[in-house]
Amino acid sequence: MRWIENWLNGRTQRVVISGTESTWRSVTSDVPQGSLLGPVSFNFFISHLAEEIRVYPYKFVNDTKLGRVADTPAACAAFQRDLDRMESWVQRNQMKFNKGKCRVLHLGRNNPMNQYRLGEDLLESSSAERDPRLLEEDKLSMSQECARIAKKANGILRCIKKSVDSRSKEVLLPLFSTLVRPLLEYSVQFWAPQFKKDEKLLETVQWRATRMIRKQEHLSYEERLRELGLCSLEKRRLQGDLINCYKCLNGGCQEDGSRFFSVVSSDRTRGNGHRLKQRKFQLNTRKMFFTLRLTEHWSKLPRGYRITEC
């Protein structure tokens with residue numbers, strides 16, 4: 001314990017820009033970056049935070065998130081007690097939450113919109129929050145996330161266009177597949193676009209990328225995709241949904257993914273024999289959830305169908 005204490009205490013840092021050095025300043029928070037012991041000691045220190053509260057907190061690096069159903073006054077009071085327990089844990093362990101970054105995201109049409117506090121500070125409500133790399137909206141429409149990703153992808157395309165002289169297929173296509181397309185497909189099962197305008201916004205990124213390639217400028221978008229051996233982002237999202245559905249149903253996920261679906265076994269010669277039950281929903285937004293939007297496509301797959309990624 002004394003060795004770890006000596007390793008953490010007495011650290012200083014400075015900033016160097018173009019050979020100009022700042023003065024040394026003491027490091028009074030955080031853990032040493034780039035070390036093996038730093039993240040391990042930090043995780044060890046906060047591992048017992050879950051013992052203080054009734055709801056298990058979701059922790060990612062130095063971010064902590066609580067979530068629960070709070071549709072009654074009693075449930076709201078229970079959630080506030082969990083926040084009070086977290087504040088007590090912080091004080092006993094001499095840590096601090098950055099309360100300026102703490103927000104409350106209310107979900108649901110009949111949400112009571114209760115106001116919560118952390119210690120003596122009231123927490124502000126927010127219509128959208130990053131978690132950790134995705135932008136979640138209170139209406140779960142994901143339009144802001146689509147706009148954010150499209151803007152970032154277009155920025156990378158502009159950098160490629162300015163910094164790369166070649167316009168050949170052999171150069172630009174690998175750059176697009178490596179640097180741009182992963183942004184458009186990261187965790188897409190969660191934030192898949194729900195509106196046509198959002199689908200078009202994302203598809204426009206690939207449309208611009210294919211036009212950058214030499215001898216493809218005067219072809220239509222569909223012809224460029226065939227020439228380059230690509231397919232639309234909409235088709236790739238459907239392929240990804242089917243692949244992840246197969247993993248969930250066959251134990252390929254870290255958690256029990258089969259609980260997300262209701263399988264209706266069938267001995268009929270038509271179909272794949274594992275038809276998914278179509279659940280009912282009241283909100284139009286819910287039909288675009290991963291567990292609902294692919295049930296019709298999955299049930300139409302024939303036996304022995306093999307999904308080939310493009």
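**Pockets, cavities and a helix pair**

Author: In this predicted model, the second largest pocket has 17 lining residues, and Pro193, Glu199, Glu234, Met288 and Arg293 are the ones nearest its centre. The volume of this pocket is about 430 Å³.

Reader: Which elements give two or more residues to the lining of the second largest pocket?

Author: They are H7 and H9. H9 gives the most, with 5 residues.

Reader: How does the lining of the second largest pocket divide by class?

Author: There are 8 charged residues, 5 nonpolar and 4 polar.

Reader: How is empty space found at all?

Author: A probe the size of a water molecule is rolled over the atoms, and this shows where empty space is left. Here the count of cavities of 30 Å³ or more comes to 2.

Reader: What volume does the largest cavity have, and which helices supply at least two residues each of its lining?

Author: The volume of the largest cavity is about 80 Å³. Helix H4 (143–163), helix H5 (169–185) and helix H7 (196–211) each supply at least two lining residues. H5 has the largest share, 4 residues.

Reader: Which residues line the largest cavity, and of what class are they?

Author: The lining includes Leu157, Ile160, Phe176, Thr210, Met212 and Leu228. By class, 10 residues of this lining are nonpolar and 1 is polar, with no charged residues.

Reader: What about the second largest cavity: how much space lies in it, and which residues line it?

Author: The second largest cavity holds about 40 Å³ of space. Its lining is made up of Phe260, Phe261, Ser262, Lys277, Arg279, Thr291, Leu292 and Thr295. By class, this lining has 3 nonpolar, 3 polar and 2 charged residues.

Reader: Now the helices. How is a packed pair described?

Author: Two packed helices are described by the angle between their axes and by the distance between those axes. In this model, the axes of H7 and helix H9 (residues 233–249) cross at roughly 110° and come within 9 Å. Angles of 65 to 115 degrees count as roughly perpendicular, and H7 and H9 are therefore roughly perpendicular to each other.

Reader: Which residues make the contact between H7 and H9?

Author: From H7 come Glu199, Leu202, Glu203 and Gln206, and from H9 come Leu233, Glu234 and Arg237. By class, the contact has 4 charged, 2 nonpolar and 1 polar residues. Two of the contact residues, Glu199 and Glu234, are also among the residues nearest the centre of the second largest pocket.

Technical notes. Residues numbered from 1 in each chain as written. Predicted model: local features only at pLDDT ≥ 70, side-chain atom pairs only at ≥ 80, totals over all residues. Heavy atoms only, no water. 1 Å grid on protein atoms, 1.4 Å probe; cavity = no way out; pocket = protein on both sides within 12 Å on 5 of 7 lines; lining within 4 Å. Points joined across faces, edges and corners; volume = space filled by probe spheres on them. Nonpolar A, V, L, I, M, F, W, Y, C, P; charged D, E, K, R; others polar. Axes fitted to C-alpha atoms, helices over the stretch in contact; angles between N-to-C directions. Parallel < 35°, antiparallel > 145°, perpendicular 65-115°, else oblique. Contact = heavy atoms within 4.5 Å.
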